[in-house]
Amino acid sequence: MFLISKIWLGYGLISVVLSAFLVLIISTSQLFNQSFYRLVTIHLVLVILSWINSWPSRIVYTEDSPYFARVLFEHSPRLFKSFTFLGVAFCHIQSWSSIVICINKLRTANPEKYEERNKFWNRWCLLIYGLIIGFGFMAANYLIVIPTIRYLPETGNFVFIVMNLGDGIMNIFLVGVFLILYILISLIIGLITICKIRKHEEKGYHHSSLVILAHTFFRVFCLLSLMGSFFLQIEDFTVEMMITIFDFMTFSMTYMLLFCDENVKMAFRTSCSSGDST
């Protein structure tokens, strides 16, 4: 296994364990009664699934563990295409999930309307995420041409084949459009949220506000970096750089919660103390 793959695997496994732990304590602790945390829980489950789904594609793109990839490809040639399709869908789902969480913080910032709006988000969050997931699958199905993956026995390598030049150009165009779109939407909503929060939180930012703002603007930075590395197109460096940036962006919510959210810290201390007492 390549060194970069070992780094991805180590960072990812640690992040998955921490994310699963956060899902567990948020789902079971009475400290997390805000709709914000319910949205975050769903988001964390989605990022765990996204990271797991990304590994077959990583193996092919980086040509790491070629024996495993070849065996899997020969037995299920359509399987890699399915993983790629799900990977594209998860990219859209994660982006809209982060935007929706930021909108939630924007809409619940006013303390006078908090109870009413918090109930609304708690009631309809599953429907909202159903729509987000539906859009993600539709975007992956209709707005991009998934390349065909072929194994070349004479070279021992995998190649990605797009049906024609027009499809390849359209894929590059759509990737650029969606990256710019998500950057602009996240940036605009993030700035509006800052103004709204500063208006209603006179004593300083609430810790949950810090989490979502830090997460939103970190995603903007990562999306800008992804766009830059995508258009560089420097062979393997581009692939490895994009996957690394995507990993940092994928688990950013996990680490923002661990470092900035006081409720998470309190729940963590409580779980540790209860574990010690037993």
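Analyst: For helix packing, axes are lines fitted to C-alpha atoms over the stretch in contact, and angles run from 0 to 180 degrees between N-to-C directions. Please note that this is a predicted model.

User: Then at what angle do helix α1 and helix α9 pack?

Analyst: Helix α1 (residues 3-28) packs against helix α9 (residues 252-260) at about 60 degrees, and their axes are 9 Å apart. Angles of 65 to 115 degrees count as roughly perpendicular and those under 35 degrees as roughly parallel. The pair α1 and α9 is therefore oblique.

User: And the crossing, left-handed or right-handed?

Analyst: The crossing of α1 past α9 is left-handed.

User: Which residues make that contact?

Analyst: From α1, the contact uses Tyr11, Ile14, Ser15, Leu18, Ser19 and Leu22; from α9, it uses Thr254, Tyr255, Leu257 and Leu258. Sorted by class, seven residues of the contact between α1 and α9 are nonpolar and three are polar, with no charged residues.

User: Let me step back. How many helices and strands does the protein have?

Analyst: There are 10 helices and two strands in the protein. Along the sequence, the order is α-α-α-α-α-β-β-α-α-α-α-α.

User: What share of the residues is buried?

Analyst: Of the 278 residues in the protein, 44% are buried.

User: And what share of the contacts links residues 24 or more positions apart?

Analyst: Counting contacts with a separation of 6 or more, 77% are between residues 24 or more positions apart.

User: Back to packing. How do α4 and α5 cross?

Analyst: Helix α4 (residues 79-107) and helix α5 (residues 114-142) have axes that come within 8 Å and cross at roughly 155 degrees. Since angles over 145 degrees count as roughly antiparallel, α4 and α5 are roughly antiparallel to each other. The crossing of α4 past α5 is right-handed.

User: What classes of residue make up the contact of α4 with α5?

Analyst: That contact has 18 nonpolar, five polar and two charged residues.

User: What does Trp96 touch?

Analyst: Leaving out residues up to four places away in sequence, Trp96 touches Ile132, Phe135, Tyr182 and Ile185. As for His43, that residue is 53 residues from Trp96 along the chain, and the two C-alpha atoms are separated by 10.0 Å.

User: Changing topic, how many salt bridges does the structure hold?

Analyst: The structure holds two salt bridges. In one of them, the side chains of Arg58 and Asp247 meet at 2.5 Å, N to O. Arg58 is in helix α2 (residues 35-62) and Asp247 in helix α8 (residues 235-250), so this pair ties together parts 189 residues apart in sequence.

User: Are Arg58 and Asp247 buried or exposed?

Analyst: Arg58 counts as buried, with 4% relative accessibility. Asp247 also counts as buried, at 2%. The cut-off for buried is under 20%.

User: Which side chains meet in a salt bridge of 3.7 Å?

Analyst: Those are the side chains of Glu262 and Lys265, with 3.7 Å from N to O. Both residues are in helix α10 (residues 262-277), and because Glu262 and Lys265 are three residues apart there, about one helical turn separates them. Glu262 counts as partly exposed at 38% relative accessibility, and Lys265 is partly exposed at 26%.

User: Let us return to α2. Where does Thr41 lie, and what is in contact with Thr41?

Analyst: Thr41 lies in helix α2 and, at 13% relative accessibility, counts as buried. Apart from neighbours within four places in sequence, Thr41 is in contact with Val23, Ile26 and Ser27.

User: And Ile52, how far is Ile52 from Leu13 in space?

Analyst: From C-alpha to C-alpha, Ile52 and Leu13 are 9.6 Å apart in space, while in sequence they are 39 residues apart. Ile52 is another residue of helix α2, and at 49% relative accessibility Ile52 counts as partly exposed. The class of exposed begins over 50%.

Definitions and conventions:
Residues numbered from 1 in each chain as written. Predicted model: local features only at pLDDT ≥ 70, side-chain atom pairs only at ≥ 80, totals over all residues. Heavy atoms only, no water. Helix = DSSP H or I, 4+ residues; strand = E, 2+ residues; numbered from the N terminus. Left-handed = near helix turned anticlockwise from the far one by under 90°. Nonpolar A, V, L, I, M, F, W, Y, C, P; charged D, E, K, R; others polar. Contact = heavy atoms within 4.5 Å. Salt bridge = Lys/Arg side-chain N within 4 Å of Asp/Glu carboxyl O. Buried < 20%, exposed > 50% of the residue type's maximum accessible area, 1.4 Å probe, protein only.
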